[in-house]
Amino acid sequence: MAAISVSTNLLAKAALPSLGSLAARSLTTSSTVWTPRKTVKDRTGKNIVFVDGVRTPFLTSGSDYQKLMPHQLASHSLLHLMKKTGVPRELVEYIIYGTVIQEVKTSNIGREAALSAGFSDKTPSHTVTMACISSNAGMTTGIGLIAAGAYDVIVAGGVEMMSDVPIRHSRKMRALMLRANKAKTLGQKLQLLSTIRPDFFVPELPAVAEFSSGETMGHSADRLAASFKVTRDEQDKYALRSHTLAQEATNKGYLTDIVPFKLPGSDKVVEKDNGIRVAPLEKLASLKPAFVKPHGTVTAANASFLTDGASACLIMTEQKAKELGLKPKCYLRDFVYVSQDPKDQLLLGPAYATPKVLEKAGLALSDIDAFEFHEAFAGQILANLKAMDSDWFAQNYMNRQSKVGAIDLNKFNNWGGSLSIGHPFAATGVRLTVHAANRLIRDDGTFGLIAACAAGGQGVGMIVERHPDGQAN
Ligand SMILES: CC(=O)SCCNC(=O)CCNC(=O)[C@H](O)C(C)(C)COP(=O)(O)OP(=O)(O)OC[C@H]1O[C@@H](n2cnc3c(N)ncnc32)[C@H](O)[C@@H]1OP(=O)(O)O
């Protein structure tokens with residue numbers, strides 16, 4: 001992709017929104033009668049609702065969750081989802097759970113997590129993987145199952161455990177071990193042992209990298225930022241915005257999707273995300289490039305960090321929610337998936353998905369009250385915003401006459417994002433959706449737009465509409 005110049009002053013737009021104005025908006029209480037100013041047509045015939053979503057605190061890898069297995073985090077989110085909503089586990093008909101870097105012992109992690117959370121052994125579960133949008137894939141698969149009439153009550157979610165990733169023997173060593181398994185005599189075994197060479201011992205580590213190109217996500221982000229002329233200073237300021245807003249939301253008690261996690265065999269209860277860090281801009285500016293050295297602009301502070309965490313949400317037909325006396329937070333109205341050539345620019349999913357999902361839902365950018373975009377990297381977010389505000393990009397890459405438009409940053413990731421809260425890959429989609437729903441309720445909005453990019457050059461866009469009964473909790 002050629003470098004493009006976009007005239008919008010994103011640096012000014014990336015400045016902190018007036019936190020005062022956010023705080024001034026009143027929290028809608030149960031006694032307030034709220035009616036939507038507009039509604040999106042239900043296309044499933046089921047009016048599918050998002051009842052609620054929860055998550056563990058998101059922790060930097062190698063910290064408090066490091067001795068756990070991922071199904072323990074997943075199980076915690078499943079169990080506490082049911083506790084929080086008050087819905088008996090037996091009513092859940094199907095579970096779809098995401099994970100990206102798979103723990104080999106629990107490959108269908110949804111099933112293992114559900115069993116250890118005490119769900120009925122008669123509740124089927126499958127595991128889905130779609131990189132950073134895996135729990136979005138879980139939710140939309142659930143929507144499909146409900147729309148098809150297969151089930152009424154679905155749980156979706158995702159987990160990632162970057163503290164412990166599968167590290168394999170080399171291919172040569174694996175081949176030798178498999179042959180050794182079949183060797184029948186001592187002579188055959190000794191003959192195999194004699195073929196071992198030093199390079200057999202070089203391990204294979206999983207990389208946060210694109211398979212088809214070998215490029216790391218960080219390198220892609222650096223390339224993307226350079227293509228869109230996003231400066232290092234813009235990235236650092238955007239990252240600081242994310243951390244500042246996440247800190248603010250934490251202090252105000254807005255992150256009610258968190259369910260504290262008691263560490264097994266210890267009295268310690270983890271209550272908060274631990275990656276939020278409001279540091280002086282000078283500290284961010286002093287960091288060396290993390291990927292493209294020495295001239296890259298992506299650093300540890302303006303990239304999302306490797307994170308452990310899990311999330312889960314409950315979705316069902318509106319009719320079922322009514323029967324159960326639940327107060328859903330929002331309707332899950334529309335979604336689209338997009339994909340591009342990962343060897344060109346693989347982190348532009350939100351720019352492609354946003355206009356498509358808006359069009360599908362019959363909405364304009366100005367109808368959206370809460371944008372929740374996955375922040376893989378500050379440079380990636382700013383490049384996506386620039387792409388959407390560029391006629392050149394629209395005409396050359398999106399098959400559109402004119403640009404999508406500029407997003408009002410006063411409505412954008414107001415409670416921080418993946419840069420600050422953390423990004424346990426497969427858990428992020430649910431976190432984005434709960435934050436969108438809770439922000440609509442707190443800020444008296446109607447529509448939320450969730451968008452995320454994912455490895456493989458893929459992306460997602462989802463539209464949620466606040467439910468009249470929604471409570472901030
Ligand atoms: C579509 C998708 O989502 S793709 C997935 C996207 N995400 C990724 O690819 C993950 C990318 N992130 C990473 O791989 C890692 O976090 C890295 C490589 C960027 C950084 O890892 P590390 O080097 O271990 O980071 P570490 O925590 O040690 O921090 C390095 C330095 O930055 C500083 N730092 C980190 N975060 C911040 C911050 N928010 N503010 C200020 N300083 C910070 C640290 O204090 C440290 O400084 P020091 O060297 O003076 O002690």
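Which residues come nearest to the ligand? Of the 23 residues around the ligand, those that come nearest are Met217, Ala279, Ala300, Ala301 and Ala376, where a residue is near a molecule if its C-beta atom, placed from the backbone, lies within 6 Å of it. Two or more residues of this shell are given by each of helix 8 (217-227), helix 10 (281-286) and strand 11 (447-454); helices (H or I, at least four residues) and strands (E, at least two) are DSSP runs numbered from the N terminus. By class, the shell comprises 17 nonpolar, four polar and two charged residues, with Ala, Val, Leu, Ile, Met, Phe, Trp, Tyr, Cys and Pro counted as nonpolar, Asp, Glu, Lys and Arg as charged, and the others, Gly among them, as polar.

The model is predicted, and local features need pLDDT of at least 70, side-chain atom pairs count only at pLDDT 80 or more, and totals for chains, interfaces and linings use all residues. Residues are numbered from 1 along each chain as its sequence is written.

The domain assignment, which is automatic or taken from a database, gives domain 1 (10-23 + 47-165 + 212-465) and domain 2 (171-201). The C-alpha centres of domain 1 and domain 2 lie 44 Å apart. Residues 48-319 are 36% helix and 16% strand, with end C-alpha atoms 9 Å apart. Residues 327-466 are 36% helix and 24% strand, and their end C-alpha atoms are 11 Å apart.

The largest nonpolar core has 132 residues, and Leu78, Cys313, Ile315 and Val464 have the most contacts inside it. Such a core is a set of buried Ala, Val, Leu, Ile, Met, Phe, Trp, Tyr and Cys residues joined through C-beta atoms within 7 Å. Residues up to four places away in sequence aside, Val464 touches Phe50, Cys330, Tyr331, Leu332, Arg333, Thr433, Ala436, Ala437, Gly448 and Ile450, contact being defined by C-beta atoms, placed from the backbone, within 7 Å.

Ala74, in helix 3 (residues 70-85), counts as buried because it has 35 C-beta neighbours inside 10 Å; the class requires 20 or more other C-beta atoms within 10 Å, whereas 12 or fewer make a residue exposed and values in between partly exposed, with C-beta atoms placed from the backbone. Beyond four places in sequence, Ala74 touches Tyr97, Ile109, Ala113, Gly157, Val159 and Ala310. Tyr337 lies in strand 9 (residues 330-339) and is buried, with 20 other C-beta atoms within 10 Å. Leaving aside neighbours within four places, Tyr337 contacts Gln458 and Val460. Ile101, in the loop between strand 3 (94-99) and helix 4 (109-116), is partly exposed, since 18 C-beta neighbours lie inside 10 Å. The C-alpha atoms of Ile101 and Met162 are separated by 7.8 Å, although these residues are 61 residues apart along the chain.

Most residues other than glycine have a negative phi, and most peptide bonds are trans. Lys293 and Pro294 are joined by a cis peptide bond, with omega about 5 degrees. Phi is positive, near 50 degrees, at Lys229, in the loop between helix 8 and helix 9 (232-251). Asp444 likewise has a positive phi, near 60 degrees, and is found in the loop between helix 16 (428-442) and strand 11.

Key:
Contact = placed C-beta atoms within 7 Å.
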